[in-house]
2 protein chains.
Amino acid sequence: MLFGGRKSEDDTVVEMLASAIRRDISFGVLRPDQKLKLADLRQSYGGSNHSMRETLRILTSEGVVEATNQRGFRVTSATEEDLRDILLVRLEVEKLGLKLSLKQGDVAWESRVVAALHAVRRADALVQERPDDVTALEWDEACRDLSMALMSASGSPRLTDMAAQFYGQSRRFRLALLREGRIDFAARATRRTQLQEAIIAREEARAVGILEDEIGADLGA
Amino acid sequence: MLFGGRKSEDDTVVEMLASAIRRDISFGVLRPDQKLKLADLRQSYGGSNHSMRETLRILTSEGVVEATNQRGFRVTSATEEDLRDILLVRLEVEKLGLKLSLKQGDVAWESRVVAALHAVRRADALVQERPDDVTALEWDEACRDLSMALMSASGSPRLTDMAAQFYGQSRRFRLALLREGRIDFAARATRRTQLQEAIIAREEARAVGILEDEIGADLGA
DNA sequence: ATTTTCTATAATGTCCAACATTTTGCAAAA
DNA sequence: TTTTGCAAAATGTTGGACATTATAGAAAAT
């Protein structure tokens, strides 16, 4: 294998390949609808036929790659319509998760949310002052962690998995917005403040409303 | 390859293996939490190392098999808690899909639903009069088609995919209920009649209520 | 009894080869 | 010029042999 990631974090070759390709799809190095020829991929990322196919199967199950019988793999398309669909589902899933967490979450949950909000604050600041690929990924990761934290007291592992999956599918679009300078950081800061209040006060309607705004902002409209 | 399915329907070897193993998991031949050793599986179902791993990856993405790094695959566990979680998500997804379909569906959609309801009626009758594995699968398939038909005007491919996935995860439990004679066919018949009325009248609250009962029945409580 | 070490088993990864399908390029026909 | 059909090339799919690495359970040592 040649490059793409550290063997220490990514246990197996397949995982290393998966995170490298996943990242390149996130950043648009591998473009939507692009055909993923096994030979080319092996050339770029290394790995055997076997490993690469397994890698693509994994990415297929994450929804960022699509497989067609006898016709190989391609990067999942990324149209305006796709974005709408992804965000529709993401919103519904995260809304439900948040509602369940609000009902069942204890102080530890609140703490996790507050911590995640803080991390997002820092990531927002960092990505504005030094915008490169590394900080962009860290920023996105912080946002993801917040979404996950909000659902973490839902008690539904499958709902949480789904949220993670659809967040992953929206990543490409989010990073594109960031790159194009179309993120409203002021609005994000406001929502964070309000979300923290709403959660600690357990005001479901208000918290859900903010979540709607937050995910709606990913539409970039 | 030895046996398990027809090459004509299942395009590739991997798909043939997948449907054979999927079916055996559905019927409990491969039991929850059972370790799936590649060598054993190849012995039983045929296929090469490569094909079998790819098959298991596919089943993993469907949620009926789980993979652990360096420790291979096992049949997804099937506890009471798993069932609750699956049905929670299934209900929410199908509810949303039904609501969207009710808003956007045209006459063609209504026709599909009516057709699917009819097919379920026939399947219910058949499985009661001649209960074997074949009719059981046909019955389950008819129920699945109805769920899919209800969502088919939602306009959200990802929501539909999710519904299909979670339906697949609940199949084992549904077939177990059927085997144990714990399906209330009279109640099902009533719900079908009411559902058809509610849908044609576009009464959302009533239709959603029936869906809740229908999926709730899968709890077997 | 607990911990450590060793070993058999199984998973993971690579290479190579054969075969099937799809796509492509080119020529012939309309 | 466009369309159609066919052959060649590219690509995907499957299989098998084998090397490497990790895990789990047995055996040994404390």
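1. Two strands count as paired if DSSP finds at least two bridges between them. With that in hand, look at the sheet of chain A in this predicted model. The sheet is open and has 3 strands, in the order 1-3-2. Their pairing is antiparallel.

2. Which strands stand at the edges? Strand 1 (35-36) and strand 2 (65-68) of chain A do. Each has a single partner strand, so one side of each is left without a neighbour in the sheet.

3. Strand 2 of chain A pairs with strand 3 (residues 72-75) of chain A over 4 bridges, in the antiparallel sense. For one bridge to find on screen, take Val65(A): its partner in strand 3 of chain A is Val75(A).

4. A helix covers this sheet contact. Helix 3 (residues 49-62) of chain A packs on the sheet and touches strand 1, strand 2 and strand 3 of chain A. The direction of helix 3 makes about 115° with that of strand 2 of chain A.

5. Now the whole chain. Chain A holds 9 helices and 3 strands. Read from the N terminus, the order of elements is α-β-α-α-β-β-α-α-α-α-α-α.

6. On overall dimensions, a compact globule of 221 residues would have a radius of gyration near 17 Å; chain A has 18 Å, which agrees. Along the principal axes, the C-alpha atoms of chain A fill a box of roughly 55 × 35 × 35 Å.

7. How many of the 221 residues of chain A count as buried? The share is 34%. As for contacts in chain A between residues at least 6 apart in sequence, 69% join residues at least 24 apart.

8. The largest nonpolar core has 60 residues. Leu146(A) and Leu146(B) are the residues with the most contacts inside it. Leaving aside neighbours within four places in sequence, Leu146(B) is in contact with Ala116(B), Leu117(B) and Val120(B). There is also a second, separate core of 20 residues. Among its members are Leu17(B), Ala18(B), Leu41(B) and Met52(B).

9. How do the copies relate?

10. Last, the interface. Of the interface residues of chain A, 95% are also interface residues in chain B, so the copies meet through the same surface.

Technical notes:
Residues numbered from 1 in each chain as written. Chains lettered and ligands numbered in written order. Predicted model: local features only at pLDDT ≥ 70, side-chain atom pairs only at ≥ 80, totals over all residues. Core = buried A, V, L, I, M, F, W, Y, C linked by C-beta atoms within 7 Å. Buried ≥ 20, exposed ≤ 12 C-beta atoms within 10 Å, placed from the backbone. Contact = placed C-beta atoms within 7 Å. Helix = DSSP H or I, 4+ residues; strand = E, 2+ residues; numbered from the N terminus. Axes fitted to C-alpha atoms, helices over the stretch in contact; angles between N-to-C directions. Rg over C-alpha atoms; globule rule 2.2 N^0.38 Å.
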